[in-house]
Each structure stands twice: as C-alpha cells, then as structure tokens.
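Okay, thanks for coming, everyone.

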Amino acid sequence: MSIEIKVPALPESVADALLSTWHKQVGDHVEEGENLVDLETDKVMLEVPATASGTIKEIKVTEGTDVTAGTVLAIIEAGSAPAAKAEEAPKAEAQATAPAANEDDEVGMSPTVRRLVEENKLDITKIPATGKNGRHLKEDIENFLKNGGAKAAPAAKSASVAAMPVGERVEKRVPMTRLRARIAERLLDATNTTAMLTTFNEINMEPVISMRKKYQDRFTKVHGVKLGFMSFFVKAAVEALKKYPAVNASIDGNDIVYHGYFDIGIAVSSPRGLVVPIIRNADQLSLADIEKQIIEYATKAKEGTLTIEEMTGGTFTITNGGVFGSMLSTPIINPPQSGILGMHNTYERPIVKDGQIIAAPMMYVAHSYDHRIIDGAEAVGFLVSIKNALEDPASMILEL
C-alpha cells in the first residue's frame with residue numbers, strides 16, 4: 001500500500017517552509033516515526049517523520065524547495081522489506097530527485113551534524129563523508145573526533161567560513177537562512193517603526209557575586225543546577241516591571257496593551273542565529289526554576305529543537321552581550337515589546353565608595369525602549385530599579 005508523506009500543519013504565523021535536508025533516499029527502508037526530512041521555517045527546524053514502516057518509493061520535492069502545509073513530499077510503500085541492495089533504477093531516480101549537497105555547504109547539513117561542527121569548530125572539508133551523495137553523517141563527525149581530528153582555525157565561526165581560502169580574492173555566495181532573513185526583517189522593522197531610545201547605567205555586581213560564592217555549593221546540591229547571573233536579572237527585571245507597567249506593555253494600533261503577567265524573553269545564541277525563548281510567568285518562579293529553564297532553552301537552541309510555542313509571545317526581553325566580551329551596546333527592541341535590557345561584561349574598575357577609591361566588579365547595563373509609550377523618566381526609573389535590586393539582592397529575594 002502506498003502512503004503519502006505530507007508537510008504537516010504549520011504553526012500559526014508560519015506560511016511556508018524550506019525543505020532543508022532529506023535523511024532518506026529512494027529505495028531506503030524506514031521505520032514508523034523515523035525522521036525523513038528537515039523543514040526550515042523562519043523560527044524553528046521541523047522534522048517530518050514516517051507515518052508507517054516501509055520503503056521510500058518516490059521523492060517528490062527536492063532540497064531547497066519552498067513547501068506549504070499539505071504538500072506531498074514522498075511516497076512510502078508500506079510493509080516493504082528492508083532493501084539491502086537497491087535496484088539500479090531506484091538509485092538513478094534518487095540521484096535525479098535529490099541532488100548531492102556540496103560537502104562544504106553548511107545548508108546541506110542535518111541539524112545534528114551542524115551542531116557538532118559548530119560546537120567543535122571543525123572544518124567540514126577535512127572530514128570524510130560516508131552518507132549517500134557525499135552527505136556527512138553524525139557518525140562521520142564522531143569518528144573524526146575520536147580519531148583526533150584537528151579543529152578549524154580559532155577564528156572560524158562556521159563550516160562555510162572555515163572553507164574559505166585565506167589570502168585570495170575569492171567570494172562565496174550562500175542563501176540567507178530563513179531564520180537569518182527573519183531576524184533581519186524584524187530588526188529593520190524595529191528600527192523603522194519604533195521611537196527607540198536607550199538609557200544606560202552601571203551596577204556594582206559585588207553583592208550578587210558574593211551571594212553566589214557563599215551559596216553556590218549548597219544551591220547546586222539542593223537544586224541540581226548552578227546559580228548564575230541571569231536568574232538575578234530576570235527577578236530584578238520583574239520587580240522593576242511591576243513598578244513601571246508601561247515597560248511591560250505593547251502597542252496594538254492606537255491602543256496600549258498592558259500585560260498583567262511577566263513573560264521574559266532570553267536571547268540565546270544558536271548555530272542558526274539568535275533566538276528568544278520565553279520564560280513564562282517569571283514572577284512565579286524561583287531562582288532555581290529560572291536557571292533550569294535557561295539551561296533547557298540553551299540546550300534546545302544548540303540542538304535546533306526549540307518549538308514555535310517556546311519562542312512565541314513575551315512581554316520583555318533580556319540579552320547578554322557580556323558573554324561575548326561586550327562592554328557596551330544598544331540592544332534593539334523585539335517587537336511588539338516596548339523594552340529590552342542589555343547586560344554586558346563585568347569588569348573590575350575603580351569607583352568611589354564612602355569617600356574612598358576602591359576596585360569593584362562593575363557592569364554597564366542598557367535599556368532600549370519605545371519612546372511612544374515610555375517616557376524618559378519611566379525608562380530611567382526602570383533601570384535604576386534594576387540597579388538597586390541587584391546591588392541589594394537579599395532585599396529583592398525577600399521582597400522587602
């Protein structure tokens with residue numbers, strides 16, 4: 001019996017998807033539930049599983065093609081025995097319908113392979129490929145690492161960059177990924193449609209650092225997760241948002257929508273670009289709960305498994321450029337939100353305290369806001385509230 005494999009119903013607000021990678025070819029045997037193909041949307045990577053066990057009879061859509069919900073991707077002959085040796089005709093058909101991906105083409109990698117390459121900073125061109133049509137498999141990367149495979153030059157940020165010859169006047173044109181295109185569109189929209197301003201302040205991080213140092217071992221033992229900086233900033237942001245509700249609001253036409261809940265977006269770097277998963281009802285979570293969600297989201301971002309639901313919504317965003325060494329920046333608002341907090345690197349600097357010059361671990365923070373609904377006094381007051389909460393974290397945690 002022939003079974004059609006179709007593009008599943010796409011999430012709301014996602015009109016179409018790009019067929020990124022086929023994991024099976026004509027003549028291959030598949031098991032029910034096994035991933036056949038990756039679909040790339042402007043937010044997440046979707047997997048399309050086999051709905052029955054059998055043999056791939058026909059592939060109808062090639063890689064790099066835009067598809068919509070309901071599009072037939074392939075035909076499976078259900079119940080067929082595993083094909084140890086495929087017929088020559090199916091082989092020829094597979095090659096015709098699924099052209100080989102260039103082995104140094106990052107777009108042709110599966111999410112798992114891409115993650116391994118990114119995490120280990122590998123030069124994909126130096127790794128032998130054993131998959132069909134010259135495709136790299138997960139096992140290829142793992143075997144390369146086990147055998148002491150050399151990493152790419154430290155300056156290389158991705159496989160496509162590592163493959164570029166140095167010192168030659170060459171160019172390489174690659175299509176922008178859906179996620180990168182979406183990021184570009186949203187950032188441009190934010191700068192063109194909001195009256196964005198940024199206010200700055202600095203925070204003495206010594207109280208938070210001392211608290212983490214004092215309780216880190218006990219915290220980790222009790223909660224099974226380390227106590228980081230981000231959970232303190234999420235808590236401080238929530239308390240400040242309670243005092244300045246306009247910063248937690250958004251514009252809808254000629255209306256201002258005030259939110260009675262606190263869904264905080266955390267900007268996370270992933271191999272595909274910047275993503276912003278949402279910590280929902282952050283006001284109801286403990287520091288440990290927040291840290292656990294951040295770790296879960298960071299892991300999913302690296303693996304490309306974040307869902308649309310996990311990145312939809314949000315009333316305010318926090319981004320931490322400090323992890324990359326940034327000392328100061330002006331973060332761009334994530335529409336339709338009206339504010340974003342930018343964290344930066346903590347650096348020991350001289351400050352004056354009680355008439356004495358001392359060295360203290362200081363962090364510059366930035367609050368970008370939409371001046372259409374947030375006045376300057378509110379924006380400054382919001383950031384001062386965060387500063388005060390972090391310089392006296394015990395009072396914040398005790399809600400004093």
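A word on the ground rules. This is a predicted model, so local features need pLDDT of at least 70 and side-chain atom pairs count only at pLDDT 80 or more, while totals for chains, interfaces and linings use all residues. Residues are numbered from 1 along each chain as its sequence is written, and side-chain values use heavy atoms, with hydrogens and water left out.

So, the overview. The protein chain has ten helices and 19 strands; helices here are DSSP runs of H or I with at least four residues, strands are runs of E with at least two, and both are numbered from the N terminus. There are 400 residues, and 46% of them count as buried. Buried means under 20% relative accessible area, exposed means over 50%, and partly exposed is in between, with a 1.4 Å probe and protein chains only. Now contacts, meaning heavy atoms within 4.5 Å: among those between residues at least 6 apart in sequence, 64% join residues at least 24 apart.

On to the inside. A nonpolar core is a set of buried Ala, Val, Leu, Ile, Met, Phe, Trp, Tyr and Cys residues joined through side-chain atoms within 4.5 Å. The largest one has 77 residues, and Leu36, Phe233 and Ile318 are among those with the most contacts inside it. Which helix gives the most to this core? That's helix α7, residues 230-243, with nine residues. There is also a second, separate core of eight residues, including Val113 and Leu122.

Let's stay with Leu36 for a moment. Not counting residues up to four places away in sequence, Leu36 touches, among others, Ile5, Trp22, Val48 and Pro49. Pro49 sits in strand β5, residues 45-49, and is partly exposed at 38% relative accessible area. The C-alpha atoms of Pro49 and Glu34 are 5.1 Å apart, although 15 residues separate the two along the chain.

Next, charges. A salt bridge here is a side-chain nitrogen of Lys or Arg within 4 Å of a carboxyl oxygen of Asp or Glu, and by this rule we count eleven. Take Lys57 and Glu77, with their closest N and O atoms 3.9 Å apart. Lys57 is in strand β6 and Glu77 in strand β8, so this pair ties together parts that are 20 residues apart in sequence. Lys242 and Glu239, at 3.4 Å, both lie in helix α7, three residues apart, about one turn of the helix.

Are Glu310 and Lys300 buried or exposed? Both are buried, and their closest N and O atoms are 2.6 Å apart. Glu310 is in the loop between α8 and β16, and Lys300 is in helix α8, so they tie together parts ten residues apart in sequence. Shared partners join Glu296, Lys300 and Glu310 into one salt-bridge network.

Last stop, the surface. Phe200, Met327, Leu328 and Tyr347 make a nonpolar patch of about 390 Å². Patch residues have over 30% relative accessible area and no salt bridge, with like charges joined within 9 Å and nonpolar side chains (Val, Leu, Ile, Met, Phe, Trp, Tyr) within 5 Å; accessible areas come from the Shrake-Rupley method with a 1.4 Å probe, and for residues only the protein chains shown count as cover. Met327 is in the loop between β16 and β17 and is partly exposed, at 31%.
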